[in-house]
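Open the model in your viewer and keep the selection tool at hand. We will go stop by stop.

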Amino acid sequence: MKIQLCLITFLMGAHPAFSETKTLKPAQTKVETVSEKLNNDLEDKAKQASQKMDDKTKTIMSQAIDQLKASGMLGRVPKKGDKFLPFALKNFKGETISSADLLLKNDIIVTFYRGGWCPYCSIQLHAFQEVLPEIESRGAKLIAISPEAPDETLTTQEKNGLKFTVLTDTNNDYGRSLGLVYKLPDDLQKLYKNFGIDLVKNQHNNNWELPLSATFVVGKNGAIRYAFADADYKKRAPLTEVLAALEAK
């Protein structure tokens with residue numbers, strides 16, 4: 001009898017049918033998967049870039065970020081609940097796209113990127129493209145805004161296979177009205193030139209200005225549902241938060 005009991009106990013512990021049921025984690029949604037990959041890709045790119053830099057270069061770049069943080073400009077960027085300033089900007093075809101027209105039918109996501117030359121921007125734009133069906137299924141339109149000249153935005157759009165609207169913010173005028181624009185310090189300008197980044201050619205001006213990494217979700221009533229801005233160009237809005245804001249009516 002004891003032998004039979006031991007055998008039954010052994011079988012119950014060893015056979016899958018008798019083993020204790022394990023709690024399985026729910027499968028990730030596509031948005032969660034892409035958002036996690038976006039974060040990992042940004043971190044990997046930052047590590048790779050850092051490994052190639054000498055100490056002087058690292059100091060110049062980190063000091064520029066610290067100066068932006070200390071400037072207080074992040075406190076002046078529009079926040080959730082604020083009215084989003086309307087825009088009317090041109091695409092590479094020369095067509096004017098206005099937020100007023102877009103908001104008649106759709107919520108909008110507006111993301112600012114520095115230029116097609118920025119690898120962190122390319123990573124983010126690719127991620128947005130991956131979740132574009134999820135964005136549009138929620139009744140929203142995605143708009144990317146950059147100070148790149150129209151011919152440069154076309155290159156960026158084609159190179160990254162982007163199916164959403166990309167607009168030119170000439171001389172960063174619209175971004176400036178949102179408090180997003182800053183001028184690169186002289187030592188950082190020199191560094192960018194050494195990297196082969198020519199903002200004069202890219203933007204068709206001599207300003208050496210860029211927008212912060214920023215993303216906004218705007219409802220049809222023109223109110224901001226979600227706002228993200230960071231002085232560190234390597235940081236980007238989590239896609240899970242962006243999509244969640246679309247669902248928060």
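**Stop one: helix 9**

Select helix 9 and look at the face turned away from its buried side: the exposed residues Asp186, Lys190, Lys193 and Asn194 sit there. Exposed means over 50% relative accessible area, buried means under 20%, and partly exposed is in between (1.4 Å probe, protein chains only). Helices (H or I, at least four residues) and strands (E, at least two) are DSSP runs, numbered from the N terminus.

This is a predicted model: local features need pLDDT of at least 70, side-chain atom pairs count only at pLDDT 80 or more, and totals for chains, interfaces and linings use all residues. Residues are numbered from 1 along each chain as its sequence is written, and side-chain values use heavy atoms, without hydrogens and water.

Now pick Leu188, Gln189, Leu191 and Tyr192, which are buried in helix 9. Seen down the helix 9 axis, its buried residues fall within an arc of 160 degrees, so they line one face of the helix. The arc is taken from the directions from the helix axis to the C-beta atoms.

**Stop two: the largest pocket**

Which residues come closest to the centre of the largest pocket? Select Ala49, Met53, Pro119, Tyr120 and Phe195, out of 14 lining residues. The pocket holds about 320 Å³ of space. A pocket is an open set of points on a 1 Å grid over the protein atoms alone, where a 1.4 Å probe fits, with protein on both sides within 12 Å along at least five of seven lines; lining residues have an atom within 4 Å of a point. Volume is the space filled by probe spheres set on the points, and grid points are joined across faces, edges and corners.

Colour helix 2 (30–52) next, as well as helix 5 (119–130) and helix 9 (186–195): each supplies at least two lining residues. Helix 2 gives the most, with four.

**Stop three: the second largest pocket**

This one has about 200 Å³ of space. Its lining includes Ser35, Leu38, Asp232 and Lys234.

Stay on Lys234, in the loop between strand 9 (224–230) and helix 11 (239–247). Buried or partly exposed? Lys234 has 21% relative accessibility, so it counts as partly exposed. Show Pro119 too: Lys234 and Pro119 are 115 residues apart in sequence, yet 9.3 Å apart in space, C-alpha to C-alpha.
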